[in-house]
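Please look at the sequence and the 3D structure shown here.

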Amino acid sequence: MDWKLELVFVPVSDVDRAKDFYVNKVGFNADFDERPMDGIRFVQLTPPGSACSIAIGEGLSDASPGTAPSLQVVVSDIQAAHDHLKGNGVDVSDIDVQDWGHFVYFADPDGNKWAIQYLPQRPNG
């Protein structure tokens, strides 16, 4: 039996601002944005090529905005990822080259922290 992590909740204070950031600046796909009942808004966003999405919205979690655990995605080209984020106005770190991987870091408007990782020893990052 497979156990697949497919959705991570990210607490935000302003759903529309967060959706705009993740879709138009970071480049996630907007998969779903619905209000299934009063007090609930469910927005699902997926990084390109990922099997795992994030969920933002209203009435989904008691967690305070900006308190998601550090999140990480892996890419095949760290320079292209850095250039994409910077070109879209994301406050992104310089590339941090470590023996085990190369990283760039950024946060969403609420302070949820992200790392982008490139693993040079792994095919396609």
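What follows is a walk through the strands, the charged pairs and the open spaces of this model.

The model is predicted, and local features need pLDDT of at least 70, side-chain atom pairs count only at pLDDT 80 or more, while totals for chains, interfaces and linings use all residues. Residues are numbered from 1 along each chain as its sequence is written, and side-chain values use heavy atoms, with hydrogens and water left out.

Begin with the sheets. Strands of a sheet pair through backbone hydrogen bonds, either parallel or antiparallel. Here, helices (H or I, at least four residues) and strands (E, at least two) are DSSP runs, numbered from the N terminus. Two strands count as paired if DSSP finds at least two bridges between them.

Strand β1 (residues 7–9) pairs with β4 in the parallel sense over three bridges. Within β4, V8 has I54 as its bridge partner, and F9 has A55. Strand β3 (residues 40–46) and β4 run antiparallel and are joined by five bridges. Here V43 has I56 of β4 as its bridge partner. The hairpin of β3 and β4 has six residues between the strands, and in this hairpin G49 takes a positive phi near 80°.

How many residues of β4 are buried? Five of its six residues are, and β4 is mostly covered. Buried means under 20% relative accessible area, exposed means over 50%, and partly exposed lies in between (1.4 Å probe, protein chains only).

Another open sheet also has four strands, in the order β5-β8-β7-β6, with mixed pairing. The edge strands of this sheet are β5 and β6 (96–98), and each pairs on one side only. Its neighbouring strands are turned by 25° against each other on average, direction ignored. β5 and strand β8 (residues 113–118) run parallel and are joined by four bridges. V74 has Q117 of β8 as its bridge partner.

Next come the charged side chains. Side chains of opposite charge can pair when their charged atoms come close. A salt bridge is counted when a side-chain nitrogen of Lys or Arg is within 4 Å of a carboxyl oxygen of Asp or Glu. The structure holds five salt bridges.

In one of them, the side chains of R41 and D16 meet at 2.9 Å, N to O. R41 lies in strand β3 and D16 in helix α1 (residues 15–26), so this pair ties together parts that are 25 residues apart in sequence. R41 is buried, with a relative accessible area of 8%. The side chain of R41 also meets that of D33 in a salt bridge (2.8 Å, N to O), and D33 is partly exposed, at 27% relative accessible area. D16, K19, D33 and R41 are linked in a network of salt bridges.

E58 and R35 form a salt bridge through their side chains (3.0 Å, N to O). This pair links distant parts of the chain, with E58 in strand β4 and R35 in strand β2 (residues 29–37), 23 residues apart. E58 is partly exposed, with a relative accessible area of 30%.

Last come the pockets. On a 1 Å grid over the protein atoms alone, a pocket is an open set of points where a 1.4 Å probe fits, with protein on both sides within 12 Å along at least five of seven lines; lining residues have an atom within 4 Å of a point. Grid points are joined across faces, edges and corners, and a volume is the space filled by probe spheres set on the points.

The largest pocket holds about 350 Å³ of space. Its lining has 15 residues, of which P47, P48, V73, V74 and V75 lie nearest its centre. α2 gives the most to this lining, with three residues.

The second largest pocket has a volume of about 170 Å³. It is lined by 16 residues, and P11, V12, G57, E58 and S61 lie nearest its centre. Strand β4 (residues 53–58) supplies the largest share of this lining, four residues.

Technical notes
Axes fitted to C-alpha atoms, helices over the stretch in contact; angles between N-to-C directions.
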